[in-house]
Amino acid sequence: MKVVKILERVLTTIPIMFGVAIIVFFFVRLTPGDPVDIMLGRSGAVTAEELDQLRHQFRLDKPLEVQLWYFLSDAVRGNLGYSYVRNKSVVDLIAERLPATIEMTLGALLVSLIIALPIGIFSAVRQNSLLDRSSMAGAFLGISMPSFWLGIILILIFAVRLHWLPAQSRLSYDVQLREVTGLYVLDSLLTRNMPALVDSLKHLVLPSITLGAGVAGIVARVLRSSMLEVLRSDYIKLARAKGATEWQVVMKHALRNALIPTVTVVGLQVGVLLGGNMIVESVFSWPGLGRLVVDAIFNRDFPLIQGSVMIYAITFVLVNLVVDIMYTYLNPRITL
Amino acid sequence: MSESQPLLELRNLETVFPTRRGVVQAVTGVSLTLHKGEILGIVGESGCGKSVTLLSILRLISWPGRIAGGQVLFQGRDLLKLSGREIRRIRGKDIAMVFQDPLSTLNPAFTVGEQIGESLRIHGILADGRAFWPWSGRRAAERERAVELMAEVGISSPMDRYREYPHEFSGGMQQRALIAIALACEPQVLLADEPTTSLDVTIQAQILDLMRRINQEHGTAIVLVTHNLDLAAEFCQRIIVMYAGRLVEMGGVDQVIESPQHPYTRGLLACIPRISARRSRIEPIPGNVPDLADVPPGCAFAPRCPLAQSACPASLVPLSEVEPGHWVRCLCRTGMAR
Amino acid sequence: MAVQATHPIKSGWYHTWTIRLRLWWRGLVELGYELWQRPIVLFGGIVVVAYLLAAVFAEQVTAHSPARGSLLLRFQPPAWEAGGEWAYPLGTDDQGRDLLTRIIFGARVSLAVGLLSVGISVVVGTALGAAAGYYRGWLDEILSRFSDLLLAFPFLIFAIGVMAFLGPGFANLILALAFKGWVEFFRLARGEMLAERTKEYVDAARVAGLGHVSIIASEILPNIIQSVFVLSTLRLGSMIIMEASLSFLGLGIQPPTPAWGSMVAVGRDYLLTAWWVSTFPGLAILLLVMAINVFGEGLRDILDPRLKIE
């Protein structure tokens, strides 16, 4: 039964998540230097007694396994530590910035799918045509391009030279918006705030394109090659023999089968999106999780780094889980 | 025995495939007729062009192959001249096709029932006057009809099987499902491309029985392509023998099997292992099938023919009637070689 | 070259590899022919070689110093624009250093990091993968689980994490990249090994008395190498982009060592006035990575069908 298979898959995720937490735990232990110093973010001098007291507070005087146990149990309960650099709990800091990152990631995913799906399909149907060759060349370009550079070039062209689109942030400072979910586009729709909608969309365009370009390239190529393979198969011949129109043959019979391997690739790309986040957020000064991490690195805010890396990794694992489930669901051959 | 007008008629069909080595002449100058309710067999080795002939009838030849000449007349209309939309209306409805390997021919992503129902939906059967909304009524009607069809072709417990996927069916059932798809719109002609080749012998017999029953109950004409002369002998009313893209012998099953005229046909019959044969050896035909990119203008069989004369490969050998309804393309057998 | 029946089996190593060398030579010639048929791929390969040569002979090729510049010459535009000169073809940066020179020296860093990180990934990954696939058992279990775990991290995040804790620098960067990179080669080698070890020639070698390591090295490995090689050319491009991205964020190679990523980062503040400072280093990355990818993919196209025949 498919449900059993899905449950199995969910169960294998849990040890992985623990493993991730353990690895992150050891990250910090790798760092050269005094651990208390590290936890405090090397932000100040402390007296000797305070050092001991803090050492006890951080449980650094306990054996490693105990520390690990506390770390894990804290994490499961939602406590990822405290950032002394910013004077807030890590979880709070992350929660503040998460919607911005989610919005951009969704934007990038949307952009890349809107570009990649039609191109992948039409390139396969009209193989070796001008459209095919040029879009495959374009896909190649997208894959080979460093995202930070693409972002800068886009800013250069569209913001600096043409003044069509803004170069940073999520919203112009003179636009008001009441936040509901933290996703500005959604919020402006919910509060029926037209100027904010337009403004937030404008701010979302360039970052989404920058982040989505590489993914679009890969997805387009994979879709094209699986479509090509599918179009060669016998059941396509039968579909035509039944009298189906070319549209039905391509969109219904072929696409359904070609999407199955493509979906797994898209899932993997989410990992790329999560990583590329950091870069694109830095380029566009986007107040999201990625920039938080980068800032944290420069501020030597290790608790924050630790917590964020863990969140990223766990998100990735969960996304892969969802993709796997979708794949199991889509592919009729997997039943037992 | 022929009625006023043949149901399906091929005149000088020519299909080619341009390849890097040259233009492959897959089908050259093939002419045949099929009458209502008739069972016609096309026999020949692999690569002789019999499958391509069937595909050409429905214009299913994929690029870069193309139909280079001739006519395909169905009820008097030349199918090769029809528009895309018109030929699509004929495909699956008036002329249906069944393919060789059922597992790869059925779409793995859809249930079997859905695929049968699709034939009905494409051609608007059951749509008659039924309102668009609520289309649950039409869906239900399609499902009912599909289940009926599945029962008719001998698929057991069709109500349950409707929701299953192709890979859950056995080979024989898959083939039955393909036949059900083909029959959905009650076609007048059924083109069967080696429908039993990938099946076990016992299942083969069942499928042939099924097809025979369909022919008798629905009056569907059948064109059966096979490399198995025995099978054709048992099943068909008329037989066509093809070699290297050409039609070399054509006639009633008794005529061709009992008194084969073309040396190739004779060779084929000699190749068949028989349990009760008095002969102790199987006589293979010496030589190899010619490269279809490089066929001589005359008789293609000449290099392997025991009776070959110099005139044979030189120029096109015409078909001549050796007895009523029995045609052969051979200079020697028809006494035309001098 | 006749195979002597009296040849002691212990020299299996030498024996097989000399035969293989001859076959490889012939293979290379055929490869050259195939490349000739695909001019775009060949062009990609030439570009890569050009970059390599420029990186190695940077001192000879460039006219200026990559580290010292004259503040008087800050922000010179590229030669074809008003105010530019051909002495500084691509303009100068914020410290008056010639951009083209810095770009060429930057190639050194990028190629070194790329090649080393891919190299280490390949060696470690392939060795571990072959071992895991061959010996199976607890070794396989542990390594597979560990690699699965590493896969749970998106590449950049892992690299950033490692760099955050280890600190920036050339060696740390390579370590960070290789630490995640070996996983792919591990899986590839393991997969291929699992497929190959059941084949007959392995049994034949075992019967002939060859030890396990011998078998792996002389018999199985050569069959695996081609796919490993193809994958490594494809990964080189992403490693280079990764290095550039990390340098852009300030986590990779530190200034004043010229690195393309950090050069782009510097130019970011001056987009309005001196667009070339960011544009050209990034373009250099793009061209190199494209060339690598084109060549790598072309190579895969050529070698892949052969792999099947083999």
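Trainee: Where is Ser157(B) found?

Mentor: In the loop between helix 5 (136-152) and helix 6 (158-161) of chain B. Helices (H or I, at least four residues) and strands (E, at least two) are DSSP runs, numbered from the N terminus. This is a predicted model: local features need pLDDT of at least 70, side-chain atom pairs count only at pLDDT 80 or more, and totals for chains, interfaces and linings use all residues. Residues are numbered from 1 along each chain as its sequence is written, while chains are lettered from A and ligands numbered from 1 in the order in which they are written.

Trainee: What makes Ser157(B) exposed?

Mentor: Its count of neighbours. A residue is buried if 20 or more other C-beta atoms, placed from the backbone, lie within 10 Å of its own, exposed if 12 or fewer, and partly exposed in between. Ser157(B) has 10 other C-beta atoms within 10 Å, so it is exposed. Its phi is also positive, near 35 degrees, in a residue other than glycine.

Trainee: Why is Asn12(B) called exposed?

Mentor: The count for Asn12(B) is 12 other C-beta atoms within 10 Å. The cut-off for exposed is 12 or fewer, so Asn12(B) qualifies. Asn12(B) sits in strand 1 (residues 8-19) of chain B. Its phi is about 55 degrees, positive although Asn12(B) is not a glycine.

Trainee: How do you know that chain B is as compact as a globular protein of its length?

Mentor: Compare two numbers. The radius of gyration is taken over C-alpha atoms, and the globule rule is 2.2 Å times the number of residues to the power 0.38. For 338 residues the rule gives 20 Å, and chain B has 21 Å, close to that value, so the description holds. The C-alpha trace spans about 75 × 50 × 45 Å along its principal axes. Chain B has eleven helices and twelve strands. Buried residues make up 44% of its 338 residues.

Trainee: How confident is the predictor in chain B?

Mentor: pLDDT is the predictor's confidence in each residue, from 0 to 100. Chain B has a mean of 82, and 90% of its residues reach 70 or more.

Trainee: Which residues is Val223(B) in contact with, neighbours within four places aside?

Mentor: Leu34(B), Leu40(B), Ile42(B), Leu54(B), Val189(B), Leu191(B) and Ala192(B). Two residues are in contact if their C-beta atoms, placed from the backbone, lie within 7 Å. A nonpolar core is a set of buried Ala, Val, Leu, Ile, Met, Phe, Trp, Tyr and Cys residues joined through C-beta atoms within 7 Å. The largest such core has 260 residues, and Val223(B) is among the members that touch the most others, including Ala313(A) and Ile160(C). Helix 4 (residues 99-135) of chain C gives the most to this core, 16 residues.

Trainee: Which chains share the most contacts?

Mentor: Chains A and C, of the two pairs in contact. There, 37 residues of chain A meet 33 residues of chain C. Helix 11 of chain A supplies the largest share of the chain A side, eight residues.

Trainee: What classes make up the side of chain A that touches chain C?

Mentor: It has 30 nonpolar, seven polar and no charged residues. Ala, Val, Leu, Ile, Met, Phe, Trp, Tyr, Cys and Pro count as nonpolar, Asp, Glu, Lys and Arg as charged, and the others, Gly among them, as polar.

Trainee: How many residues does the contact between chains A and B take?

Mentor: It takes 23 residues from chain B and 16 residues from chain A. Helix 4 of chain B gives the most to the chain B side, three residues. That side has ten nonpolar, seven polar and six charged residues. Chain B and chain C do not touch, with their nearest C-alpha atoms 16 Å apart.

Trainee: What makes the span of helix 4 of chain A close to the expected one?

Mentor: The expected span is 1.5 Å times one less than the number of residues. Helix 4 (residues 64-76) of chain A has 13 residues, and both its reach and the expected span are 18 Å. Gly78(A) follows this helix, with a positive phi near 90 degrees.

Trainee: What is the secondary structure of chain C?

Mentor: Eleven helices and zero strands. Its C-alpha atoms fill a box of roughly 75 × 45 × 30 Å along the principal axes. Of its 310 residues, 44% count as buried.
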